[in-house]
Amino acid sequence: MLRRKAECYGRELGLRGRLTPTEQMHITLIGLGDGKPKAVVDIARHVGLLIQAKPFAVCLDRLSAFGGGALVLRGSDHSPGLQTFWRKLSAVIDDSPLKPFVTNSVEPHVTLLRDRQGVPKVRERIVEPISWTVRSFALILSHRGEYKCPASWRLTGQDDALAAM
């Protein structure tokens, strides 16, 4: 669904950039940076095991430019369920060696394509909403355009984050 939207918006806006491959579309909540050592990845895996939350809805309904020539979908309501989940994740990470990676806020978005010349000219607008229920989350390693998923976790239906590591 997101890939079809990316193709349509790219054509409609006359963009010539690279579409995000379907298997790489995601919403980043906390970025650890590229090329992290195994110890950081191991800590992130442990953090993932500590998170307990209910599945939640996400709705993206704004098309806009983002840094690096990215065309993204965002949500007008800032996805309250996703914000709640991010706060829980951040709280657990705050008690870990990964604390320096936690930011004060998150702007949930999905990158559809990158076009450094065309996208900066795109004005934000409301579009037909795309919604889904988030039932899991993952640790994604991204390095030089390659994506790997060393761990993923199901949202269990419980709605409390364990606060200690």
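Among contacts in the chain between residues at least 6 apart in sequence, what percentage join residues at least 24 apart? The share is 75%, where a contact means heavy atoms within 4.5 Å.

The model is predicted; local features need pLDDT of at least 70, side-chain atom pairs count only at pLDDT 80 or more, and totals for chains, interfaces and linings use all residues. Residues are numbered from 1 along each chain as its sequence is written, and side-chain values use heavy atoms, with hydrogens and water left out.

Three helices and seven strands make up the secondary structure of the chain. These are DSSP runs, numbered from the N terminus: helices are H or I of at least four residues, strands E of at least two. Their order along the sequence is α-β-α-β-β-α-β-β-β-β. The radius of gyration is 16 Å, close to the 15 Å given by the globule rule for 165 residues, so the chain is as compact as a globular protein of that length. The radius is taken over C-alpha atoms, and the rule is 2.2 Å times the number of residues to the power 0.38. Along the principal axes, the C-alpha atoms fill a box of roughly 50 × 30 × 25 Å.

Of the 165 residues, 40% are buried (under 20% relative accessible area, 1.4 Å probe, protein chains only). The accessible surface of the chain is about 9,500 Å², and 51% of this belongs to carbon and sulfur atoms. Areas come from the Shrake-Rupley method with a 1.4 Å probe.

The structure holds three aromatic pairs (ring centres of Phe, Tyr or Trp, the last by its six-membered ring, within 6.5 Å). One aromatic cluster is formed by F56, F85, F137 and W153.

Terms used: Buried < 20%, exposed > 50% of the residue type's maximum accessible area, 1.4 Å probe, protein only. Phe/Tyr/Trp six-rings, centres within 6.5 Å; stacked < 30°, edge-to-face > 60°.
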